[in-house]
Amino acid sequence: MEWDWTFVRDIMPLLLDGLRLTLVATVLGAALAAVVGLVFAVLRRSPIKAVSLSTAAVVEFIRGTPLLVQLYFIFFVLPDVGISLPAMTCGVIGLGLHYGTYAAEVYRGGIDNVAKGQWEAAKAVNLTKRQTWVHVILPQAIPPMIPALANYLVAMFKETPLLSAITVLELMNQAKSIANSNYRYIEPMTLVGVFFLIMSLISVAFLRVLENRFKERT
Amino acid sequence: MWSGYLWQIFEGAVVTAQLTLLGSALALAVAFAAGLARLSRFSALRALSIIYVEFFRGTSIFVQLFWVYFVLPFAGISLEPLQAGVLALGLNVGAYGAEVVRGGIQAVPREQYEACTALNLGRFQKMRHVILPQALPLMLPTFGNNAIELLKGTAVVSLISLNDMTFQAQIVRSQTGSTLIPFGTILILYFAMALVISRGVRLIERRVTRGLDGTRS
């Protein structure tokens with residue numbers, strides 16, 4: 001079978017529509033992951049042993065199991081207990097939870113990396129807990145985290161095709177349905193690969209810029 | 001009645017374990033080949049390695065798997081689902097591993113290289129007896145994480161109808177209508193496998209660092 005440019009032109013609008021959903025899922029998933037990660041990181045630092053240990057166990061469990069199976073779990077099991085969510089919502093929750101555990105590790109590392117003397121100094125000048133976090137710890141902890149977080153954002157973007165398995169009509173699913181109804185796999189599948197490759201290469205270049213920017217400050 | 005269904009899932013677990021082992025073996029071989037090529041004297045080899053790594057890290061395992069399985073046949077290469085799975089998983093994780101190999105080798109201090117030159121060791125001797133034994137312990141923890149990523153990646157092969165654990169769970173779901181039991185079971189099994197990998201890597205780590213005490217500060 002030969003590569004057919006007219007076919008490419010015909011399917012392009014559908015694929016771009018899929019790409020739009022892919023991006024929406026990535027943005028929403030990333031926002032959820034940022035919040036979920038923060039919750040996990042805070043719970044993990046809890047002085048109550050039961051809370052910190054069970055959080056660590058949950059994080060380990062989510063990190064040790066495949067995203068695809070977690071998506072199936074959310075998509076198929078939740079309706080059985082009376083929670084019916086649209087496929088896209090399930091997908092965003094799955095992405096957010098999964099990558100939230102990765103974000104939690106980044107937050108934890110970033111906070112642990114702030115020198116101990118900073119905490120002591122904050123105490124010495126009688127800052128409240130809130131002031132310590134807002135004015136001393138976070139401004140020093142966040143910049144080094146940014147490249148690592150951006151890295152996971154790119155990783156999550158690449159994983160969005162998994163949402164096609166729970167019927168979200170993102171890029172991969174559009175390509176699959178085009179391929180199945182036209183019996184032509186070369187163009188749609190290759191184009192999906194090319195789309196992802198281009199976006200990833202752009203974001204990798206962007207990552208390098210971020211890394212250099214935040215390295216200078218330390 | 002459930003024992004039959006659990007047996008089906010167990011059969012899938014065997015396929016998943018198989019895929020993980022074969023995929024890891026391929027990934028390890030590819031990682032060393034590409035990682036060493038990246039540090040080669042020949043610019044052509046370096047360029048090839050960079051293209052390979054960027055290409056496979058730029059797209060996800062899912063897209064690569066579908067490409068291998070659906071597009072390669074048109075180029076005359078038809079693969080069984082298991083072969084396509086091992087190939088895609090191995091090449092994908094191998095690309096991440098190549099960067100680990102490169103980082104590990106580059107982390108060996110310069111004096112070690114200079115000492116090799118001073119002792120007049122050949123290039124192969126230098127790698128085999130001086131650099132790699134010190135670089136390997138640095139690479140292992142990340143290799144362990146990569147192996148777990150590969151294990152998680154195997155779930156995707158269920159989408160090209162290879163009967164791994166996830167595929168079998170879907171079958172059990174469609175046969176019984178129960179969702180919690182099949183998916184809960186495989187989540188636990190995946191996690192157990194991930195634990196086995198991380199424990200195993202820690203054992204190997206202890207082994208390869210033996211005799212290296214004091215050489216690294």
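## Helices H5 and H6 of chain B

In this predicted model, H5(B) and H6(B) are roughly antiparallel (an angle over 145 degrees), because helix H5 (residues 110–118) of chain B and helix H6 (residues 123–153) of chain B pack at an angle of about 165°, with their axes 11 Å apart. Helices here are DSSP runs of H or I with at least four residues, numbered from the N terminus, and axes are lines fitted to C-alpha atoms over the stretch in contact, with angles from 0 to 180 degrees between N-to-C directions.

The contact (heavy atoms within 4.5 Å) is made by B:Gln112, B:Tyr113 and B:Cys116 of H5(B) together with B:Lys126, B:Val130, B:Ile131 and B:Gln134 of H6(B).

## A contact between chains

Helix H2 (residues 49–64) of chain A and helix H8 (residues 180–208) of chain B pack at an angle of about 95°, with their axes 8 Å apart. That makes H2(A) roughly perpendicular (65 to 115 degrees) to H8(B).

## Conventions

Residues are numbered from 1 along each chain as its sequence is written, and chains are lettered from A and ligands numbered from 1 in the order in which they are written. In this predicted model local features need pLDDT of at least 70, side-chain atom pairs count only at pLDDT 80 or more, and totals for chains, interfaces and linings use all residues, while side-chain values use heavy atoms, leaving out hydrogens and water.

Methods
Helices (H or I, at least four residues) and strands (E, at least two) are DSSP runs, numbered from the N terminus. Angles under 35 degrees count as roughly parallel, over 145 as roughly antiparallel, 65 to 115 as roughly perpendicular and the rest as oblique.
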